[in-house]
Structures are given as structure tokens and as C-alpha cells.
Amino acid sequence: MKGPIFSLPPLPDADWSAHNEEQRRVWEGFYAGNPERVPMTLGVNPRFLLCDRRYNPRGVTFREYMTDPEIMEQVQCEFALFRRHFLPCDQEMGMPEVWHIYADPQNFAEASWLGAEVVYPEGDVPDTLPLLTDDNKNELFEKGIPDPFDGIYGYLRDFYERFSSPHTFCGRPVVCDQTGFGTDGPMTIACNLRGTAEFCMDLYLDPDFAMALLEYITQATIQRIRAWYAYYGLPLPDNGWFADDSIALLSAADYERLILPFHQKLLAGITNGKGQNHSIHLCGDATRHFPLICKSLHVTSFDTGYPVEHGKLAQELGPEVIIQGGPRVALLQNGSPEQAAAETRRILDEVRPYTRRFVLREANNLPPLTPLENVAAMYNAVREYGHYPRG
């Protein structure tokens with residue numbers, strides 16, 4: 001594609017050296033266990049620009065982004081340029097020495113790899129349609145586990161190899177980071193494949209099928225992730241990361257009984273078994289599960305969404321566990337800068353008495369149409385109000 005994809009504001013004429021030194025110092029203190037203030041990060045990806053016609057007047061679609069490596073690369077580079085100049089947080093800002101991009105699986109890759117049809121809603125992110133009905137519930141078991149590089153993962157591997165050839169953007173080298181290690185979790189993938197209501201009913205009305213599907217998904221995920229590590233020539237890591245948002249639908253007792261064993265198998269399969277500091281992403285009202293997850297899975301870092309009572313959670317998990325959370329995205333998208341700052345201060349008041357392992361972020365994934373002023377207000381509030389007492 002000739003010319004830029006996005007229509008971005010003029011880049012600010014700013015000296016970012018003081019900011020970059022501050023964010024480096026903040027993170028060093030955080031990981032050393034003696035932070036000067038709460039750090040702030042952002043969960044945001046090219047959706048922010050692709051789904052906003054103010055930035056995307058040419059109307060480049062997610063279908064083009066996911067199927068054309070040239071477009072994916074250009075979108076990633078232009079988004080990185082935008083992020084480093086217009087989304088302030090505790091990250092390096094300004095022009096980098098090297099641009100980092102990645103072959104993007106989005107959140108539909110796993111269900112698609114297992115056979116679900118991909119759909120591209122107008123103006124929104126890709127999704128999949130349920131694959132398994134009452135008439136073909138055993139289809140996946142009969143087909144077996146697909147090759148780790150079938151379907152979309154083959155495309156992503158090809159994209160990675162294309163992106164890894166030497167090239168530049170804005171006169172700076174572009175490096176493609178490794179991808180393919182993540183998973184949205186066995187219950188969430190089961191809901192994608194079967195339909196959420198249908199799978200939740202299966203757990204109680206057809207438990208043999210439900211357990212077989214969870215086992216199939218878990219083993220398929222393990223095989224796929226291990227294959228990606230082998231492809232990159234990497235050993236399995238000490239610690240693993242995964243998500244499973246759909247467990248928010250279960251009681252604590254049913255999570256422990258039905259899903260926890262598969263989470264244990266998953267972590268055992270995608271790590272070398274030495275780690276005691278795993279990480280998990282859980283959106284929704286899932287915090288009732290966190291203490292058990294912390295204890296049984298040795299998870300010491302939780303990336304949360306909404307709703308979360310941050311202070312209560314910090315008390316329950318203790319001062320050594322990392323919690324990421326913050327203002328809900330609806331407020332950041334639709335509220336004022338004053339509201340964004342006030343909610344940030346409220347959350348900081350909740351957590352600072354109980355932990356120095358809190359990371360402020362949006363809850364969860366910064367949506368298109370969010371005013372940049374609200375992101376700046378959130379960051380200014382944490383810089384002004386997020387300091388810990390010294391001594």
C-alpha cells in the first residue's frame with residue numbers, strides 16, 4: 001500500500017529524555033521492590049486506530065489487516081509511531097532506536113485454528129462462529145489435533161518470516177518480536193467453539209463431553225505452544241502466562257472442580273516445571289477465583305478487567321502479588337478528563353495502603369474513540385498522586 005494508512009496528528013515537538021528517564025527509574029524501583037510511585041501501563045493495540053475513522057479515513061479493514069502481511073506490517077509500524085507520541089504512560093516515548101512489531105493473532109486465532117469460521121463485523125474486531133452443535137459435538141475428537149502451523153498459525157509464521165527480513169520505518173530498523181506463545185484459556189476456547197450458553201449447560205448436563213472438550217483443547221494448546229518454542233529454538237520458560245475470561249461465569253466451587261485441573265495441566269505443559277511466578281489475565285467479575293489461583297497455580301501476577309475492588313483484592317492477595325487494574329474503559333471512553341483523574345486517584349487511595357505491587361492500567365484494553373485527553377489525565381494523576389511515602 002502506497003502512502004501512510006492512518007491520518008495521524010502532527011507529531012509533538014517534544015524532548016522525551018526526561019520522561020524516558022523517569023519511566024525507566026519507576027520500573028527499576030518497582031521490580032526491585034522499592035517503587036517511588038505506582039507505574040502505569042496501557043493495554044492497547046492497532047484496533048485503536050483501525051476502528052476509528054478519524055485516524056483511518058481510508059477505511060482499511062481488519063480483514064485486510066489479518067490477511068495481507070504488507071498491511072499488517074504497515075499498520076503495526078504506524079500504530080507504534082502513534083503510541084510512542086500520543087499515549088503517555090510509563091513506556092519509552094518518542095522515536096525509538098528500533099521499532100518492534102509482531103505477527104498479530106488477535107483473539108480469534110485459537111478457535112479458528114481448531115476449525116471455527118472467522119467473521120469480520122464491520123467496524124469491529126474479528127470473531128468466530130460456534131463450530132460444535134448438538135449434531136456434531138464429537139467432530140473435533142474425530143479429526144484429531146491439527147498441526148501447530150495449520151491455518152492461521154501458518155499464516156502468522158509466514159508473516160513472521162516476512163517481517164524478519166531487514167527493513168526500516170521512518171529511517172529506523174524494524175524488528176519482529178516472537179509470538180504464538182499465548183492462549184485465551186481452555187474454557188474460553190470451549191465457549192468459542194460450542195457457544196457460551198451451550199458449553200455452560202454442557203458442564204452440568206453433559207459433563208463427559210464437556211470434560212473431553214476441555215481435555216482436547218488443553219492438549220492441543222500445549223502441543224501448539226511447545227511447537228512455537230521449538231520453531232524459535234527456545235527452551236520452555238520457567239513461568240507461564242495465560243488467560244481464561246470465561247471462568248467469571250462459574251462459582252468458586254465449580255471453577256475448582258471443573259476448570260482448575262485443566263489450568264494445572266496447561267501450565268505444566270507450557271513451562272519447564274520450575275516456575276513459581278506465573279501470570280494470568282482475567283477480565284470480568286472473576287476476583288473470587290484469585291486466591292485459589294494464587295495458591296494452586298502459583299500465579300503471582302494478575303491482569304484484571306472490570307469490575308474489581310482493587311483495595312479489597314490487594315488485601316486478599318497480599319503485598320507480594322502484582323495486580324494490574326484501573327479505571328473502566330467505558331469511563332475513559334465516554335467520561336471527562338476530570339472524571340478519569342478522579343477515578344485514578346480513588347483507585348490509588350484504595351491500593352497504596354496494602355501493596356507496592358500495583359500497576360495502573362485501563363480495565364481492560366483501551367477502546368477506539370477514547371479521547372487522548374483522558375489518557376493524559378490518567379497518567380498525570382498517577383504521576384502527581386501515585387507516590388509512596390519514603391522511609
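Trainee: Is the crossing of α11 and α12 left-handed or right-handed?

Mentor: This is a predicted model, so every answer here is about the prediction. Helix α11 covers residues 252–270, and helix α12 covers residues 290–297. Their crossing is right-handed.

Trainee: At what angle do α11 and α12 pack, and which word describes α11 relative to α12?

Mentor: The axes of α11 and α12 lie 11 Å apart. The packing angle is about 40 degrees. That angle makes α11, relative to α12, oblique.

Trainee: Which residues of α12 does α11 meet?

Mentor: Start on the α11 side. It contributes Tyr255, Glu256, Leu260, His263, Gln264 and Leu267. Across from them, the α12 residues are Leu292, Ile293, Ser296 and Leu297.

Trainee: How many residues in the contact of α11 with α12 are nonpolar?

Mentor: Sort the contact residues by class. There is 1 charged residue, and there are 3 polar ones. The nonpolar count is 6.

Trainee: How are α8 and α10 oriented to each other, and what is the hand of the crossing?

Mentor: The crossing angle is roughly 115 degrees. The two helices are therefore roughly perpendicular to each other. As α8 passes α10, the crossing is right-handed.

Trainee: Which residues of α10 make the contact with α8?

Mentor: From α8 come Pro186, Met187, Ile189, Ala190, Leu193 and Arg194. By class, the contact has 9 nonpolar, 2 polar and 1 charged residues. The α10 side is Phe209, Leu213, Leu214, Ile217, Thr218 and Thr221.

Trainee: Which residue of β5 stands opposite Trp99?

Mentor: Strand β5 covers residues 172–177. It runs parallel to β1, and 4 bridges join the two. Opposite Trp99 stands Val174.

Trainee: Where is Val98, and how far is it in space from Val174?

Mentor: Val98 lies in the loop between α4 and β1. Leaving aside neighbours within four places in sequence, it contacts Pro173 and Val175. Val98 and Val174 are 76 residues apart in sequence. In space, C-alpha to C-alpha, the distance is 5.8 Å.

Trainee: Why does Val98 count as partly exposed?

Mentor: Partly exposed covers the range between buried, under 20%, and exposed, over 50%. Val98 falls in that range because its relative accessible area is 29%.

Trainee: What is the strand order in the open sheet of 5 strands, and which strands stand at its edges?

Mentor: The order is β6-β7-β8-β9-β10, and the pairing is parallel. The twist averages 15 degrees from one strand to the next. Each edge strand has a single partner, so one side of each is left without a neighbour in the sheet. Those strands are β6 (241–243) and β10 (358–360).

Trainee: Which helix lies across β8, β9 and β10?

Mentor: First, the strands: β8 (299–304) and β9 (322–325) pair over 3 bridges. Ser301 stands opposite Ile322 in β9. The helix across β8, β9 and β10 runs at about 165 degrees to β9. It spans residues 310–317 and is α13.

Trainee: What is the omega of the cis peptide bond from Tyr306 to Pro307?

Mentor: Pro307 is found in the loop between β8 and α13. The bond from Tyr306 to Pro307 is cis, with omega near 0 degrees.

Trainee: What is the phi of His298?

Mentor: His298 lies in the loop between α12 and β8. At 35% relative accessibility, it counts as partly exposed. Its phi is positive, though the residue is not glycine, and near 60 degrees.

Technical notes:
Residues are numbered from 1 along each chain as its sequence is written. This is a predicted model: local features need pLDDT of at least 70, side-chain atom pairs count only at pLDDT 80 or more; totals for chains, interfaces and linings use all residues. Side-chain values use heavy atoms; hydrogens and water are left out. Axes are lines fitted to C-alpha atoms, for helices over the stretch in contact, and angles run from 0 to 180 degrees between N-to-C directions. Angles under 35 degrees count as roughly parallel, over 145 as roughly antiparallel, 65 to 115 as roughly perpendicular and the rest as oblique. A crossing is left-handed if the near helix is turned anticlockwise from the far one by less than a right angle, and right-handed if clockwise. Contact means heavy atoms within 4.5 Å. Ala, Val, Leu, Ile, Met, Phe, Trp, Tyr, Cys and Pro count as nonpolar, Asp, Glu, Lys and Arg as charged, and the others, Gly among them, as polar. Two strands pair if DSSP finds at least two bridges between them. Buried means under 20% relative accessible area, exposed over 50%, partly exposed in between (1.4 Å probe, protein chains only).
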